[in-house]
Amino acid sequence: MRRCVQALLAVLRRYAAGRFRVDATLGWLLIAIAFSAVAPSWAAAPAAEQRAQPLHDPELERRALALGHRLRCVVCQNQSIAESNAELAHDLMNQVRAMLQAGKSEQEIVDFLVARYGEFVLFEPPFDARTLLLWVGPFALAALGLFGLWSGLRRRQQQSGVGATLDEAAKAQADALLAGDSPSKTETRVAKESS
Amino acid sequence: MLAEWGQVLLAQAIAVAALQVFFGLAGAQRGRVAWMVTARRAALAQGAVLATAFAVLIALFLRSDFSVALVAQNSSTLTPWFYQVTAAWGNHEGSMLMWAVALAGWSAAVAWRSQALTEAMRARVVGVLGLVSFGFLLFLTLTSNPFSRLVPAPEQGRDLNPLLQDPGMIIHPPLLYMGYVGTAVTFAFAIAALLSGRMDAAWSRWARPWALTAWLFLTLGIMVGSWWAYYELGWGGWWFWDPVENASFIPWLVMTAFIHSIIVTEKRGAFRAWTVLLAIAAFSLSLLGTFLVRSGVITSVHAFASDPSRGLFILGLLAVTVGVSLALFAWRAPMLAGGGAFGWFSREATLLVNNVLMSAAALAVLLGTVYPLLMDALGLGKLSVGEPYFVAVFVPLMTPAVFFMAISPFLRWKQDDWRRLSKRLVLDFVVTASAALALLAAADHVTLRAWLGLWLTLWVTWGSARLLWERLQNRAEGQSISERLSRIPGSWWGMWLAHLGVGVFIMGATLLGAFEARLDVKMAPGQVAELASYRFRFQGVEEKPGPNYTAMRGTIVVTTADGKPVAVLHPEKRNYHFSAMPMTEAAIDTTWRRDIYVSLGDPVNENEWVVMLFYKPMVLFLWLGPLLMAVGGAVAALDRRYRRQRAHLAVPAGAVGVRV
Amino acid sequence: MRWKYVVPLVVFLGLVVLFAVGFRLNPREIPSPLIGKPAPHFTLPRFVEPSATVTPAVWAGQPYLLNVWATWCVSCRQEHPMLMRLKQEGVRIIGFNYKEIRGDAGLDARKLSPEAEAQLAWQRIGAWLKTGGDPYADLVVDLTGRAAIDYGVYGTPETFFIDAKGVIRYKHIGPITPEVWQDQLRAKWLALQEGS
């Protein structure tokens, strides 16, 4: 037994030792790759110049921010253009502000951006054939689950007779609940009642 | 040399895990006591070995040994020592090692502390945990070795990501991993039940404290993560429905369903297959979350260095673990059918209704998270799923769940009479609903969402108060209040606290959503802005050096509208020496009623800065609610009855083999 | 009724397959909704003649590549020799300089007047074309990035394939490397020419 373990360990050690050499040669390369993989993702917040230009009208600014929250910053990692500090987000946010100031409606602004950047900018996906599962799926599961629960309970009640150990009032209630069943069935249920 | 020791320890852990699997599963199958005992010892040994490996990693960070790639990438000599320690898990490799350590810790705890289980059940659980650990350790050593060397070693390291140089980051990952990994324990219990075909009331009683513990860690982990995002990211949000957040929230929802369905299983022996499925799902979704986060298939604000080989490995691990478990489920679950019956209007039924709703909500979050990926994979275009979707789907599903949550504890087991409760429920509904409306009307903010939230708050808190009152009433006459209180079992208090916590949380989220205010404003020194009856005077910005960064430190004096001092806030914009990205450090003044949250934007010109001012009411309740839930989980997990059960079920050492 | 116990397994396996496929895709690449639509209008100054402005209409009649770039963009530097090669092969490339000053994280454009900004931009572009060569049949300069928004530009470099009628047929995100050109883009370019 113990020798087995030792042999296994030796193999693993040899394997591990092999890795060191690989790492030695690839070390810098790996870091470079890893860093280049991280770098663009953190580029979400670079220092940039053309910054937020909040509107003076607080109501308009509030609308701009509310709208900005519903629009995705395309270069960021899942941030809205109102939250992101990325330069493009600021540009688009300022574009939203400018359009609001010019009297454009929210829908017009959304359409404007979708026409240029695609549906990807919408945090609220449109309801269509493709997104049917997304929108309906959870409710369908809830409905299915409730139906399953309902039929499961019914089956159980039919099999074992729920009212048998209850007091009279509850029994009546249970019977009312099971209304529609034939009396003979009810008797069988009582007979089958288990602990 | 130390790093090589780390390697050796990892290799040892793999070997020990293999032993744990073999002796655990084969021993239980063949009924060999000695094997089963060996499996338990292996679990303890694995815990010790991995804890040592983790200590080695921390030591490497504290020594600033930049010949280790991970240390060079995530630490520096200028990094304060406590962040050198936390840097050990502030990266992919280290956090995966922590995952493995947490798993080994859980396994060791099961091996050590679960005397109530039969030896065979214990061995199976330990064996399954060993299998998970084995797969994970392979992943660690093959794709994410934390001890890899870097030649030549650089003079200085790259420092820890500034976002992670923060107290929240010290505790958030360990808590969350304890939760994630805790789901592995319930998973192991479920698999053991499928393997043995034994899943009775005793099984439920064994599994329940473990499940509750895992759940409470998940709760705390998510809460701390949310808190961290709130104060660290500088936009004042606390939940972004980001894939990484969702990855922790989905298992939480499923675990919540599990800790409720297991009650029905315990009481009635019913819906056992469903309970097992939830346990498998909770763990699978934890793994899936890891896959989503680490593989880079989904974009998230939490950018871990992603690497395709890792993603592929986790996907493989996921496919094998979950595929085999679900195949086992398909094969064995039909055996678990049966159990007692109960009526529609019973506590069991409401528990299960909530189970369905929780599962549907979990599906909603899951779909929202992976749908962009699925669409892309099917070539149907790119789209985004964000907050508007989640709110639109999540709220309608959770509203009835919270509604039933407050009713369920009043119902009798098995079968209750609707007439017994109807009058009171209707009255409560009318009172709470109109009170919510009246409160909102008084605050001049009547919206459907605010009303719904406030109504649910009142419904839950009122229900909790009444529940406690009735519980005390029902006790025998002549007992003092303290006697009555002390007779209430821990699991009841746990339920009561956790449900109250839900109400408290909803209150926080609702009032914050309804009454928060934000103002982005350009300010020159001396200028004053007003928000939510507070005055903010901008005093300017000065440079201030930190240990490994230089900060631009603003000063903003907050007063009430009539000039009474409230706080002096110092938001910062930090430039860390080793990374180009500027970091925003918000300044927050907290009272129980509200936060005043100030963060510094960018300079507009020599003189002016963009300043973001937030008024955030009731934020504290966002953290208090989950905290109550977690305390509830702890109280329930420590219920005396589980311990008494242990004494009762404890098997004489000599008789162990016979029971198999 | 046993089939219902198999459902979770089937659903899960389906998911795994989708993940395995989705795994090969880049979540950061966003297809342009402008494909098949006329190239959006803009009025921008020409590099060679800062005082005069042009609109995309002047390039109509023959297909061209609209290459969005800036001197601060590292990938554009990698791409540049390839653009020179394409020019040799007779590909008509129109340059679109994107936020030359404001997009450069290393500069503080706030300190500059609009005139100084333009002057500096022209200087930098001129120096770039002198050292690396000028692959562009024409070059426009979008200092504010406003026109780029109409093209849905979200990074540099990006290259639009526009046919003789001025309709966008394809958008390439990222640098044009010899491999990408050979494997994908060449065929698209040839298709544009045949269509004209």
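Mentor: Let us begin with a cut-off: a residue is buried if 20 or more other C-beta atoms lie within 10 Å of its own. Please keep in mind that this is a predicted model.

Trainee: Why does Leu367(B) count as buried?

Mentor: Leu367(B) has 20 C-beta neighbours inside 10 Å, and therefore counts as buried. Leu367(B) lies in helix H12 of chain B, which comprises residues 347-377.

Trainee: Which residues is Leu367(B) in contact with, leaving aside neighbours within four places in sequence?

Mentor: They are Leu133(A), Leu134(A), Gly137(A) and Pro138(A). Contact here requires C-beta atoms within 7 Å.

Trainee: What is the place of Ala361(B) in the largest nonpolar core?

Mentor: That core has 314 residues, and Ala361(B) is one of those with the most contacts inside it. Others in this group include Leu103(B), Phe189(B) and Val276(B).

Trainee: How many helices and strands does chain B have, and what makes chain B as compact as a globular protein of its length?

Mentor: Chain B has 19 helices and 10 strands. Its radius of gyration is 27 Å, close to the 26 Å that the globule rule gives for 660 residues, so chain B is as compact as a globular protein of that length. The C-alpha trace of chain B spans about 85 × 75 × 60 Å along its principal axes, and buried residues make up 59% of the chain.

Notes
Residues are numbered from 1 along each chain as its sequence is written. Chains are lettered from A and ligands numbered from 1 in the order in which they are written. This is a predicted model: local features need pLDDT of at least 70, side-chain atom pairs count only at pLDDT 80 or more; totals for chains, interfaces and linings use all residues. A nonpolar core is a set of buried Ala, Val, Leu, Ile, Met, Phe, Trp, Tyr and Cys residues joined through C-beta atoms within 7 Å. A residue is buried if 20 or more other C-beta atoms lie within 10 Å of its own, exposed if 12 or fewer, and partly exposed in between; C-beta atoms are placed from the backbone. Helices (H or I, at least four residues) and strands (E, at least two) are DSSP runs, numbered from the N terminus. The radius of gyration is taken over C-alpha atoms; the globule rule is 2.2 Å times the number of residues to the power 0.38. Two residues are in contact if their C-beta atoms, placed from the backbone, lie within 7 Å.
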